[in-house]
Amino acid sequence: MRRSMKLAAVVLSGSLGIASLAACGAKSTDNTSSSAGASGAASGLKVGMAYDIGGRGDQSFNDSAARGLDKAKTELGVQVNEAEAKTGEAEADKETRLKSLVTAGYNPVIAVGFVYQSAVEKVAKENPNVKFAIIDSASDTQPSNVTSLTFSEQEGSYLAGVAAASKSKAHHIGFIGGVQSELIKKFEAGYKAGAKSVDPNIVVETTYLTTPPDFSGFNDPGKGKEAAQGQLDKGADVIYSAAGSSGNGSIEAVATAPGNKWAIGVDSDQARQPALSKYADHILTSMVKNVDVAVFQYIKAAKDGNPLTGVKNFDLKAGGVQLATTGGFLKDIQPKLDAATQAITSGATKVPTAPEN
């Protein structure tokens with residue numbers, strides 16, 4: 001599901017801010033008619049969320065953030081408003097999106113994805129009385145009214161690598177990254193380290209779909225499918241994709257390939273996603289990044305008057321990352337995964353954040 005956004009260049013007032021959000025394709029989910037909405041109005045907490053490319057419905061990263069927002073709306077009674085990015089947009093579009101949410105009275109404002117880092121810093125400095133959160137990014141230069149919600153992706157990916165190497169019959173696996181960035185390299189690094197802890201001689205194919213400033217690699221299932229097919233043709237029989245909705249194409253390629261090949265999903269439990277359910281028998285597991293947990297905790301803390309500040313990292317020990325068990329395909333290797341988990345959480349295994357050459 002995709003919605004194009006036509007953002008107003010200038011927001012003149014609070015009412016115009018709301019109008020500009022509607023005009024640009026932002027999805028208002030204010031719930032003023034229900035008891036939850038009334039509670040939110042009484043508390044004065046109105047939460048704005050600006051999604052990354054792909055938006056709600058990407059079956060992966062953005063959807064995980066959306067689940068946290070939905071839970072906050074239902075359980076905490078906050079009012080919410082959502083706005084989505086578009087492929088190829090300028091930095092000014094991100095700034096305008098955030099400013100529109102601020103002008104319309106939303107505070108805190110949550111930016112989903114590291115691509116918002118510059119825009120969040122600029123808009124937060126201009127609005128010191130508004131609280132912001134950014135997912136997947138932490139900067140030494142961001143102002144004190146910005147909270148970073150980060151994850152130890154490398155730790156969950158290490159477990160995905162253990163699973164991949166344990167299930168591979170070809171001793172040949174693959175990794176597909178959406179955009180060649182420092183964040184996605186954490187996924188690659190952990191995955192390779194985990195796989196090599198099981199099979200030091202395993203072959204790991206690596207493909208990145210795009211490089212910055214081209215972020216379309218997170219929203220191009222066709223490219224994901226093509227990349228996965230290329231790795232399958234080279235002999236890989238397990239492929240892990242950290243590529244947003246592009247990973248949907250990778251999963252399709254693996255699921256429809258001859259023989260018993262495995263896909264590993266990311267961010268959400270992708271075997272449970274409606275659009276991917278027909279491929280569930282070929283999704284070995286997903287490296288779930290609990291963005292929903294981080295979003296809900298951030299909003300709840302703000303509502304309780306004790307907002308999270310600085311950098312809040314969600315690692316394996318804190319339940320920030322985990323492997324999905326849908327389908328029961330990991331049962332035979334669960335002891336091996338449990339041992340790897342214990343080694344990481346105890347500190348015995350230090351998972352790299354950058355891939356080895």
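Modeller: Happy to. One term before we start: a residue is called buried under 20% relative accessible area, exposed over 50%, and partly exposed in between. Also keep in mind that this is a predicted model.

Biologist: Thanks! Can we try that on aspartate 304: is it buried or exposed?

Modeller: Aspartate 304 has 52% relative accessibility, so it counts as exposed. Aspartate 304 forms a salt bridge with lysine 300, where the closest N and O atoms are 2.8 Å apart.

Biologist: And how does lysine 300 count?

Modeller: Lysine 300 is partly exposed, because its relative accessibility is 35%. There is also a network elsewhere: salt bridges that share partners join Asp136, Glu153, Lys186 and Lys289.

Biologist: How many salt bridges does the structure hold?

Modeller: The structure holds 16 of them. The side chain of arginine 56 meets that of aspartate 70 in a salt bridge, at 2.9 Å from N to O. That pair links distant parts of the chain, with arginine 56 in the loop between β2 (46-50) and α3 (61-76) and aspartate 70 in helix α3, 14 residues apart.

Biologist: Which glutamate does arginine 56 meet in a salt bridge?

Modeller: That is glutamate 82, again with 2.9 Å from N to O. This pair also links distant parts of the chain: glutamate 82 sits in strand β3 (residues 79-83), 26 residues from arginine 56.

Biologist: Let's zoom out. How many helices and strands are there?

Modeller: The chain has eleven helices and 13 strands. Of its 357 residues, 57% count as buried. The accessible surface comes to about 14,100 Å², and 50% of that belongs to carbon and sulfur atoms.

Biologist: What order do the strands take in the open sheet?

Modeller: The open sheet has six strands in the order β8-β7-β9-β10-β11-β13, and the pairing is mixed. Its edge strands are β8 (203-210) and β13 (321-323), each pairing on one side only. From one strand to the next, the twist averages 15°.

Biologist: Which helices pack on that sheet?

Modeller: Helix α7 (residues 182-198) is one of them, touching β7, β8, β9 (238-242), β10 (262-267) and β11 (283-289), and its direction makes about 170° with that of β7. Helix α9 (residues 246-255) also packs on the sheet, touching β7, β8, β9, β10 and β11; its direction makes about 170° with that of β9.

Biologist: How do β7 and β8 pair?

Modeller: Strand β7 (residues 172-179) pairs with β8 in the parallel sense over seven bridges. Within that pairing, glycine 177 stands opposite tyrosine 208 in β8.

Biologist: Switching to β6: is it mostly covered or open?

Modeller: Strand β6 (residues 146-151) is mostly covered, with six of its six residues buried. Val146, Ser148 and Thr150 point one way, while Thr147, Leu149 and Phe151 point the other way.

Technical notes
Residues numbered from 1 in each chain as written. Predicted model: local features only at pLDDT ≥ 70, side-chain atom pairs only at ≥ 80, totals over all residues. Heavy atoms only, no water. Buried < 20%, exposed > 50% of the residue type's maximum accessible area, 1.4 Å probe, protein only. Helix = DSSP H or I, 4+ residues; strand = E, 2+ residues; numbered from the N terminus. Areas by Shrake-Rupley, 256 points an atom, 1.4 Å probe, with all protein chains shown as cover. Salt bridge = Lys/Arg side-chain N within 4 Å of Asp/Glu carboxyl O. Pairing = 2+ DSSP bridges. Axes fitted to C-alpha atoms, helices over the stretch in contact; angles between N-to-C directions. Contact = heavy atoms within 4.5 Å.
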